[in-house]
Amino acid sequence: MIELFEAGTWQMTAGERATLEGILHQLKPRLAIEIGTAEGGSLSCIAAHAQEVHSLDLVAPSIDLGRFPNVTVHTGDSHERLPALLRKLEHQNRSVDFALVDGDHTAEGVQRDVEHLLDSSAYPGP
Ligand SMILES: C[S@@+](CC[C@H](N)C(=O)[O-])C[C@H]1O[C@@H](n2cnc3c(N)ncnc32)[C@H](O)[C@@H]1O
């Protein structure tokens, strides 16, 4: 079986995984943000294609971060951590090429994460 579709740490459907892989394969982001590290399923895909990844989660991930030398983990509420990270990237004149919002799944939570991204000059958008 193709590795992408093997049971493992992902919390996404096969279709979602294939979509993510396809987008990242074409985009090859220099700088990516993931909200919702969980067990590192989608992170393994993002980290394979992006030069640098910042991954946020409420809880510290229990995964071997040695597998992901290009990943920085941020533990805490994305509604606080994400704006702080984006401010830092703005000061560094960095530009986020890709963002996956998969953390707080409430409508209000998703909206807040998306608005923080769209309001930041570090996120030029799709
Ligand atoms: C559906 S899982 C992410 C799955 C992962 N992207 C994957 O496909 O492998 C959602 C994660 O978001 C985290 N989360 C929920 N609310 C959050 C918040 N406000 N800030 C940061 N992370 C949050 C949870 O702890 C959980 O690990």
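Predicted model: local features only at pLDDT ≥ 70, side-chain atom pairs only at ≥ 80, totals over all residues.
Take Gly66 to begin with. Gly66 sits in the loop between S2 and S3. It has 6 C-beta neighbours inside 10 Å, and therefore counts as exposed. Gly66 and Gly22 are 44 residues apart along the chain, and their C-alpha atoms are separated by 25 Å.

Next comes the sheet. Its 4 strands form an open sheet in the order S3-S2-S1-S4, and the pairing is parallel. Strand S3 (71–75) and S4 stand at the edges; each has a single partner strand, so one side of each has no neighbour in the sheet. On average, neighbouring strands of this sheet are turned by 15° against each other, with direction ignored.

The pairs can be followed residue by residue. S1 pairs with strand S2 (residues 52–57) in the parallel sense, over 5 bridges. Within this part of the sheet, Ile35 stands opposite Leu56 in S2, and Glu34 has Ser55 in S2 as its bridge partner. On to the next pair: S2 and S3 are also joined in the parallel sense over 5 bridges. Here Ser55 has Val73 in S3 as its bridge partner.

Is S2 enclosed or open to the outside? Of the 6 residues of S2, 5 are buried, so this strand is largely enclosed by the rest of the structure.

S1, H2 and S2 together make a right-handed β-α-β unit. The loop between strand S1 (31–35) and helix H2 (41–49) contains Ala38. Ala38 has a positive phi of about 50°, although it is not a glycine. Ala38 counts as buried because it has 21 C-beta neighbours inside 10 Å, and the cut-off for buried is 20 or more.

Asn93 has 8 C-beta neighbours inside 10 Å, so it counts as exposed.

Ala18 gives an example of the class in between. This residue lies in helix H1 (residues 14–27). Ala18 is partly exposed because 14 other C-beta atoms lie within 10 Å. Ala18 and Asn93 are 75 residues apart in sequence, and their C-alpha atoms are 32 Å apart in space.

The last topic is the ligand. Which residues come nearest to the ligand? There are 19 residues around it, and those that come nearest are Gly36, Ala38, Gly41, Ser78 and Gly103. H2, S2 and H3 each supply at least two residues of the shell around the ligand. By type, the shell residues divide into 7 nonpolar, 8 polar and 4 charged.

Conventions
Residues numbered from 1 in each chain as written. Buried ≥ 20, exposed ≤ 12 C-beta atoms within 10 Å, placed from the backbone. Pairing = 2+ DSSP bridges. Axes fitted to C-alpha atoms, helices over the stretch in contact; angles between N-to-C directions. Right-handed = clockwise from strand over helix to strand, strands pointing away. Near = placed C-beta within 6 Å. Nonpolar A, V, L, I, M, F, W, Y, C, P; charged D, E, K, R; others polar.
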